Amino acid sequence: MKTIKGPAVFLAQFIDEKAPFNTLDGICKWASDLGYKGIQIPTWVDFLIDLDKAAESQTYCDELKGKVNSYGLEITELSTHLQGQLVAVHPAYDKMFDSFAPENMRNNPKARTEWAIDRVKKAATASRRLGLKAHATFSGSLLWHTMHPWPQRPAGLVEMGFEELAKRWLPILNHYDKEGVDVCYEIHPGEDLHDGDTFERFLEATGNHKRVNILYDPSHFVLQQLDYISYIDHYHEFIKSFHVKDSEFNPTGKKGMFGGYNDWGNRAGRYRSLGDGQIDFKTIFSKLTQYNCDVWAVMEWECCIKSPEQGAREGAKFIQDHIIEATEKTFDDFAGAKTDEKMLKEILGL
């Protein structure tokens with residue numbers, strides 16, 4: 001069994017115009033001072049990483065890695081959540097997702113998709129240059145607007161949607177395979193890959209591509225009322241990345257899973273800081289350790305009540321307290337005796 005690495009922190013939600021969250025040095029020192037050992041870097045934040053340079057220059061990557069290491073930190077993964085989202089966008093969401101792309105790509109879905117694919121591919125090369133084996137992203141979605149089957153979905157629609165999604169991702173997946181990096185899709189509401197069934201549909205549509213893997217984040221499963229513990233039993237071999245984020249589900253007589261169009265603070269299902277929600281992280285860390293999942297425990301903050309600063313301060317200790325030092329011996333080793341084939345036969349009466 002492997003000991004889970006960590007604690008680490010996903011930097012996306014902490015970026016700000018104010019120090020220390022506006023420079024790589026500042027945010028690295030902040031994370032290190034809080035006790036974090038790793039950072040997951042969002043590739044759309046230019047002051048954290050120049051993706052074009054990282055894809056082209058080993059020297060740049062060595063210098064970037066060296067700077068992060070100088071603060072006692074490691075880069076856990078690069079993230080292309082926003083760019084991955086743009087690989088597949090249904091026209092109903094064009095306006096809302098346009099803000100994820102550069103201004104010159106807006107109102108041009110074809111150019112936006114081509115740009116997104118290029119960025120995600122460059123992140124593969126950058127990951128390889130940085131010595132990373134896993135990458136965090138979103139799948140995008142062509143079918144989310146049909147999630148609830150009303151009006152009825154025409155026969156063949158879902159199959160066609162996943163065929164198209166796989167068609168867009170296969171060239172990317174092949175590039176990641178060439179670079180030796182796994183693509184870890186965050187299984188997330190709003191994405192076509194949002195639970196176990198949809199992950200399996202996509203995996204099959206890609207011909208069981210070996211680079212199709214999972215970023216496991218139990219918070220999204222609580223909001224779906226999905227068994228996030230048995231999910232690990234089903235898919236542990238695919239879990240190559242791990243977001244540690246808490247959540248809660250408190251249905252009332254007025255609202256449930258769909259949320260009544262309320263904002264986050266007033267929804268039945270909402271994200272919380274670590275330890276403030278309902279997730280059984282002790283069992284999660286035990287399961288991931290038991291199944292030998294080689295992952296970083298990366299804190300993601302999205303609480304609708306607690307400040308990000310407090311969430312980050314508490315999060316490092318929370319993760320550290322949950323990391324299990326994997327045992328290299330069994331508890332009853334002391335009572336064991338040396339055995340040989342003759343003894344084994346004697347025990348069996350042979």
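Ala, Val, Leu, Ile, Met, Phe, Trp, Tyr, Cys and Pro count here as nonpolar; Asp, Glu, Lys and Arg count as charged; the others, Gly among them, count as polar. The model on screen is predicted.

**Stop one: the largest pocket**

Its volume is about 1,600 Å³. Select Trp144, His188, Pro189, Gly190 and Glu191, which lie closest to its centre among the 48 lining residues. Now colour the lining by class: 23 residues are nonpolar, 14 polar and 11 charged. Then show the elements around the pocket. Helices α4 (81–85), α5 (94–97), α7 (157–179), α8 (196–205) and α9 (218–224), along with strand β9 (269–272), each supply at least two lining residues.

**Stop two: the second largest pocket**

This one holds about 410 Å³ of space. Pick Lys5, Lys133, Ala134, Asp294 and Trp296, the closest to the centre of the 23 residues in the lining. Two or more lining residues come from each of α3 (58–69), β3 (74–80) and β7 (239–244). Which element gives the most? Strand β3 does, with four residues. Colour by class again: nine nonpolar, five polar and nine charged.

**Stop three: Tyr185**

Go to strand β5 (residues 182–186) and select Tyr185. Tyr185 has a relative accessible area of 0%, so it counts as buried. Show its contacts beyond four places in sequence: among them are Thr137, Phe138, Ser139, Trp169, Leu173 and Phe202. Val212, Asn213, Ile214 and Leu215 also touch Tyr185.

Last, draw a line from Tyr185 to Thr252. The C-alpha atoms are 32 Å apart, and the two residues are 67 apart in sequence.

Conventions: Residues numbered from 1 in each chain as written. Predicted model: local features only at pLDDT ≥ 70, side-chain atom pairs only at ≥ 80, totals over all residues. Heavy atoms only, no water. 1 Å grid on protein atoms, 1.4 Å probe; cavity = no way out; pocket = protein on both sides within 12 Å on 5 of 7 lines; lining within 4 Å. Points joined across faces, edges and corners; volume = space filled by probe spheres on them. Buried < 20%, exposed > 50% of the residue type's maximum accessible area, 1.4 Å probe, protein only. Contact = heavy atoms within 4.5 Å.
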